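Colleague: Could you take a close look at one part of this model for me and talk me through what you find there?

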Amino acid sequence: MGNILEVRDIHTFIGQFHILQGVSLEAAEGTITAILGRNGAGKTTTLKSILGLTPPRNGKVVFAGQEIQGRPAYEIAAMGIGYVPENRAIFTNLTVAENLKIAERKRGDLDRKANFIFGLFPDLKRLYRLPGGHLSGGQQQMLAIARALVPDNQLLLIDEPSEGLAPIIIQELMEAIRQLSERVTVLLVEQNFQMASRLAKNYVIIDDGRSVRSGAMEDLLRQPEIIRRYLGATI
Amino acid sequence: MKTLITRLPLALGKWKWELAVLAVLVLFPFAAGLTIGKPDALPPEVRGLERLARLTETGPAKFWQGMVIQMLILAVFAISYDLLLGYTGLLSFGHAMFYGTGGYVIGILLKHFHWPWWAALGMVVLVAVLQSLIFGTLSLRVRGVYLAMVTLAFAEFFYILSEAGDFRQYTGADDGLHGIYVHPAISPTDYRLRFYFLTLAFFVVAYLAARRLVNSPTGRVMVAIRENEQRAAMLGYNTFTYKLVALIAAGLLASLAGCFNAVYNLGVTPAVLGVGTTIDVLAMTIVGGVGTMTGPVLGAAIVHLLGYWLNRLFGPIWTLLFGAAFVLIVVFLPYGIVGTVRARSFQWRTGWRRWMQLLGLRRETPVR
Amino acid sequence: MLKQYRATLTFIAIVVFLISVGYAWLGPVRATSAVLSGLTLAALYFLLGAGLSLIFGLMDVLNFAHGIIFMIGAYIGYSLFGNPRLFTNTLPLILMVVAGALVGVYIGRPLRAWEARRRQLPADAPPLRIILSRIAPSVLLALLAVGLLFWGTRGFPLNRLIAFEPTATGGAVPTAQAQEPLSHMAVRLVGMMVAGLLLGPVLVREKRLEARGPFWKTLVVSLILSAVAAIVLWTRDPAERFMLGLSVDVRFVLALLAGAATGALLGVFIETVFIRSFYGRPVTQLVLTLGLMFIGVELVRAIWGKEGRPPMAVPSLFAESCRSPNLIAWLSERCSSIDVLGRAFPTYRLFIILIGLVILIGVWILLRYTRLGMIVRAGVQDSAMVEALGINVRRVFTLVFALGSALAALGGVVAAPFVGVYPDMGGAFQLQAFIAVVIGGMGSYIGTAVGAIILGLARAFGDVLVTGGIPLPWTEQVLRASPAIARASTVLIMAIVLLVRPAGIFGQKE
């Protein structure tokens, strides 16, 4: 299978700060690719640069065969990229139903996907009429992922889904992400190396705004010194 | 004594631009008197220095002296505003309040209560400090756009009061307060030269005081607040107090400038308290360069001249054109003249050298 | 539970307090009319505040020019209602500038491309050359355009056109003498069009506007606009007779529509030209809108004069000079006032309250039950996330700006028969709307309504108290003052709210 997304040597500035200084990565269709790295290495900025929320100044982003860098974020998203930001930015003053409905790009998107979504996250069906602010952290995270599944997205950018959640809920989320990755390609930013290593097929390590290593996750697992050096984690 | 003599050239070097400007300002009325004054208006028996002094008060020379007086007053007003906007990062839309209140206080005290000038001036200071204390404690509780809105509302409060018929016997309501009594020795109509130097002295003192403030440790905390208020607070500074200090300093300077304005015009109108005045001071500060000492001074001169020429060229619609010019300046010159020059000066200097080389006026390659 | 309804309870407590103090002080009869007056003011404050609050909530822009839109709406409605020749003579000129600019925008595109293809100047090129290549073309074009605008409007008989009613200073001027001959006007039209053509490239070059869509579509739109301009001008005399021949009611509705439409267009203009390129730079936006506020007042003064105009005529439903005993009788008698506990109350003010209520509910439904409303509510919280969902949030921004401005302008037209029109009305009403919004909580729609009601009631009671006289305790004296004092004292209400709860009753914590 080909790559649905290819990022070639992007440089992103936020204000005067040169945050990304050359990030390249690719996401093979139908797989989960994990973006790893320490806090502040530029993982979140990479996702935002792909989506155009912080447009890269140099470099190329190719999605489904088209160059998308420099286009407005809403156009890029509408091409079929779903975004699940960190801190699960759901709309707390909207109900669960509205949170899902707002993501529709065509009429009836939600109805068509309802079975799939509620199959993954049965809780949401129960909470359907509640304001998003009344949900627990885990439920909000599920809602944020569900929201990205409503339209026909080919790629999901998921940022730190496990942050601040109880282990048992992380398990549930992992299972959900594994299941949904059968339908869409996933680019996953994750601090929790355990979780990332179990889910992802491929990995990219970002350090100091540069992509320093990439490859198959099983190869990485055989190189504990790399993990220690770039991630500070042990297996 | 010896250290003073050895240090003098150094100090002169450090202040060379300020001193040059001061020299120009001191000589200006005489130069104007000699060039555009009307010698025929003076009786021939007046001779020597007296003639020179009297010459400055004839014809266009007197008018242009008045223009510079107004520029100097506005420059102090703009400097005071820059203390807030440029150095502390507080966007206040209520600065006209201080300027106008200063004018009204001195006007009412001089005209209706016949206070001596020093007592009236003291009262202006007192009122300004009190006013900025109250205004500050209330409005500094909010930030950003809220601050802009709240300050505008407070200024409108005073504007409405100045226009209200209830205080007509003191403020003159919508006609304004006219016929302020000023001691004849410094009357801006009869002895304009004296008033000119009085204003110049005021301007110099105000400039030095403001400069002293921004270069002091307090001033550095103010800048820290502008850059990042949370960080300044985290470093242990009570940011509220520092903002209040900035506001009091700015309010005081603006009130005194308003005082001079009232005395020079021998009157105040509600318009001085209106939004137009705030626009004026914003324009001056932005044109010159926010966050610099020289910017507001330059801006005051430019904006005042611009207003004058627009008025001469276009008549009553000049205010409309002035507003349009203001908007264009904000859009196209957000860093002001001084700010732009500073940002570009290195670029421009190297560019200038290349240009000179191209013309063959300069042979050696530039250093670095 | 108590915490959840704290805001609502606070609101009810304040209103109950205000009303009971009012009743205790004034007695039921005077207090009831004061409450109704208060609600009238509240409706107007709400119409102005709703847009302010929505725009602030969604885009973090505090629009200081909002009161100006209110005022211009009022003036436009007022003029269309009573002086249609002003429109038949000026509208074509404005349309031609727009038509020209639309085509001009497409001239700007190849111009910019051509400039980009030329050799880039090095950063250390001589300063003069940098300045010249950067701004000289824009300045040159803009100067030419502005010069043409001046030339094209030189000697335009605006003063004569304005002098329609006998109330105008210097008396009325008959239409035949007020208007210029068509041949003159035709020359002006051409001048305006060329000025627009020159302005277009400037706007593109300075990144204020972007050419979108195929050229022929814009050309067609531009041609249609020019044709409309020509037709309006050609038929100006029959159009004026027709307009003045219409009934007061129809003209009133037309005035409402024209005012709201002007407001919407002004909103779009302000957002696209001044606000859009400065998102993320709130200080610049604030200073800009303050500048626009200043320009607006001066513009109205330059066009309509410094003096205000008396209140506009009311629709026939409120016109008969009599007093109806109750609402049902009023519907058949069409009296200008109605009996409220033995006191007369103007019926038109009830209509203002009704309009306020209708808009309140209408916009609430829009926000609650439509997709646009959902996007707005989501955008108030996190507009970047809305954009990341694939929604063109910038277009929603423009739309909301237009909607808020239309509401303000509508409020202005509704207010015209109540308070008349005068150049300070924008600032005066905006100040009160600001205070209402601060009381209710910026960015909260319900909060705006609540703040408007509280402030309206406070103002009404304040007016009655201040003008009627407050007996000073322990003395025989009565403190009397002008309504201006009541107007100024609302600032004190805002001060109290800020001290107690800076975010307002319904506002979220900062």
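Predicted model: local features only at pLDDT ≥ 70, side-chain atom pairs only at ≥ 80, totals over all residues.

Modeller: As for who belongs where, the domain assignment puts residues 6-77 + 312-500 of chain C in domain 1 and residues 82-252 in domain 2. Their C-alpha centres sit 35 Å apart. In terms of contacts, nine residues of domain 1 of chain C meet four residues of domain 2 of chain C.

What about the polar side of that domain interface? The rule finds zero salt bridges across it, and one residue pair in polar contact, with both residues at pLDDT 80 or more. The residues that domain 1 of chain C brings to domain 2 of chain C split into eight nonpolar, one polar and no charged.

Staying in chain C, have a look at Ser53(C), which is part of helix α1 (residues 6-59). Ser53(C) counts as buried because its relative accessible area is 1%, under the 20% cut-off. Its side chain makes a polar contact of 3.0 Å with the side chain of Thr448(C). Leaving aside residues up to four places away in sequence, Ser53(C) also touches Val437(C), Gly441(C), Met442(C), Gly443(C) and Ser444(C), besides Thr448(C).

Several helices of chain B, namely α7 (144-163), α13 (275-288), α15 (318-332) and α16 (336-358), each supply at least two residues of the side that touches chain C. The largest share of that side comes from α7(B), with 13 residues. By type, the residues of chain B that touch chain C divide into 37 nonpolar, eight polar and five charged. The contact takes 50 residues from chain B and 51 residues from chain C. Between chain B and chain C the count is zero salt bridges and one residue pair in polar contact, both at pLDDT 80 or more.

So where do salt bridges turn up? Over all chains, the structure holds 22 of them. One is in chain C, where the side chains of Arg188(C) and Glu180(C) meet at 2.7 Å, N to O. Arg188(C) is buried at 7% relative accessibility, and Glu180(C) is buried too, with a relative accessible area of 10%. Over in chain A, salt bridges that share partners join Lys106(A), Asp109(A), Arg112(A), Lys113(A) and Asp152(A) into one network.

Chain B has salt bridges as well. Asp175(B) pairs with Arg168(B) at 3.7 Å, N to O; Asp175(B) is exposed at 52%, while Arg168(B) counts as partly exposed at 42% relative accessibility. Glu227(B) forms a salt bridge with Arg226(B), the closest N and O atoms being 3.0 Å apart. Glu227(B) counts as exposed at 56% relative accessibility, whereas Arg226(B) is partly exposed, with a relative accessible area of 34%.

How values were computed:
Residues numbered from 1 in each chain as written. Chains lettered and ligands numbered in written order. Heavy atoms only, no water. Helix = DSSP H or I, 4+ residues; strand = E, 2+ residues; numbered from the N terminus. Buried < 20%, exposed > 50% of the residue type's maximum accessible area, 1.4 Å probe, protein only. Polar contact = N/O pair within 3.5 Å; in protein donor to acceptor, adjacent residues only side chain to side chain. Contact = heavy atoms within 4.5 Å. Salt bridge = Lys/Arg side-chain N within 4 Å of Asp/Glu carboxyl O. Nonpolar A, V, L, I, M, F, W, Y, C, P; charged D, E, K, R; others polar. Domains from an automatic or database assignment.
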